[in-house]
Structure formats: structure tokens, C-alpha cells
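I opened my notebook for a first look at a new structure. Here is what I looked up, entry by entry.

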Amino acid sequence: QVQLLETGGGLVQTGSSLRLSCTASDRTFSTYGMGWFRQAPGKEREFVAQIRWDIGSTTYADSMRGRFTISRDYGKVTTYLQMNNLKPEDTAVYYCAAALTSFGDSNADSYDLWGQGTQVTVSS
């Protein structure tokens, strides 16, 4: 089974930027879409952004639009989440996911494969 690995998380101060990466273990892996979600302790998993793999069109949660940007490197089977002007409320584990039977949407159950997550902590 192909694995997804998120990297790039860390501890930063309010106003800082981070770029998260999510790479498939098999570069022949085929996906229709990739998404980013985040989850804080005791809270529901929250949609962040989605990218359609073939044409690169993107969708964002309203609260993320403008600060966060999703992108992809098609050849590396990698998706990125650029996060700017980070705030303490962005603190969460960030997960990437691949949609294998659809393009993926804001619902977590539309994705079929998930990474292990990377911790983002924003201190004030």
C-alpha cells in the first residue's frame, strides 16, 4: 500500500510562515485529488484545502482562503500547503489525503488514503 508522508511542521511564532509537504511513497501513484485537513486535540477534523490533480484547480475553506495556498508537483506526486501569517488558532496536526475515486471535497470521507500528520504549533 502506498503511503503519504507529511513534513514541514514545527513550532513558530505568530505571523510566521510554514510550507508543508506531502509526498507519496510511490511516484507512480495515481490520484484524482489531494487535500489538507487539520485537527486540534479534542476537536473535529477540519477541511483546509483541496487540489484537483489533473488540472490543478483548488478549493479552500473560507477561513483559510488568502493565508493558505495549496499546490502540487505532479512529477513528485507531492502536494504542498503554504501557510502564511500563522496564528495560534492554526495550531493542529495537519494531514494530507488522497482521493482515489473522486476529486475529493471538503468532506473527510471523500478521501481514501491519509498521511500520519505533521504538528504545527503557533505560539503567541
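**Contacts.** I began with contacts, meaning heavy atoms within 4.5 Å. In the protein chain, 56% of the contacts with a separation of 6 or more come from residues 24 or more positions apart.

**Ground rules.** I noted that this is a predicted model, where local features need pLDDT of at least 70, side-chain atom pairs count only at pLDDT 80 or more, and totals for chains, interfaces and linings use all residues. Residues are numbered from 1 along each chain as its sequence is written, and side-chain values use heavy atoms, with hydrogens and water left out.

**Strands and helices.** I then looked up the secondary structure, taken from DSSP runs numbered from the N terminus (helices are H or I of at least four residues, strands are E of at least two). I found 11 strands and 0 helices in the protein chain. Its pattern along the sequence therefore reads β-β-β-β-β-β-β-β-β-β-β.

**Size.** For 124 residues a compact globule would come near 14 Å, and the protein chain agrees with its 13 Å.

**Surface.** I use "buried" for under 20% relative accessible area, "exposed" for over 50% and "partly exposed" for in between (1.4 Å probe, protein chains only). By that rule, 44% of the 124 residues are buried. Accessible areas come from the Shrake-Rupley method with a 1.4 Å probe, and for residues only the protein chains shown count as cover. The protein chain exposes about 6300 Å², of which carbon and sulfur atoms supply 46%.

**Salt bridges.** How many salt bridges does a search of the whole structure find? I got 5, counting a side-chain nitrogen of Lys or Arg within 4 Å of a carboxyl oxygen of Asp or Glu. Side chains of opposite charge can pair when their charged atoms come close.

I looked at Arg-38 next, which is buried at 8% relative accessibility. Arg-38 forms a salt bridge with Glu-46, with the closest N and O atoms 2.8 Å apart. Glu-46 is partly exposed at 32%.

Arg-38 also meets Asp-90 in a salt bridge, again listed at 2.8 Å from N to O. Arg-38 sits in strand E4 (residues 33-39) and Asp-90 in the loop between strand E8 (78-83) and strand E9 (92-99), so this pair ties together parts 52 residues apart in sequence. Is Asp-90 buried or exposed? Asp-90 counts as buried, at 0% relative accessibility.

I also noted a salt bridge between Asp-54 and Arg-52, whose closest N and O atoms are 2.7 Å apart. Asp-54 is partly exposed at 42%, and Arg-52 is partly exposed at 25%. Elsewhere, salt bridges with shared partners join Arg-38, Glu-46, Arg-67 and Asp-90 into one network.

**Backbone angles.** Most residues other than glycine have a negative phi, and most peptide bonds are trans. Val-77 lies in the loop between strand E7 (68-73) and E8, and is buried at 3% relative accessible area.

My last entry is Asn-85, whose phi is also positive, near 50 degrees. Asn-85 lies in the loop between E8 and E9, and counts as partly exposed at 38%.

How values were computed. Rg over C-alpha atoms; globule rule 2.2 N^0.38 Å.
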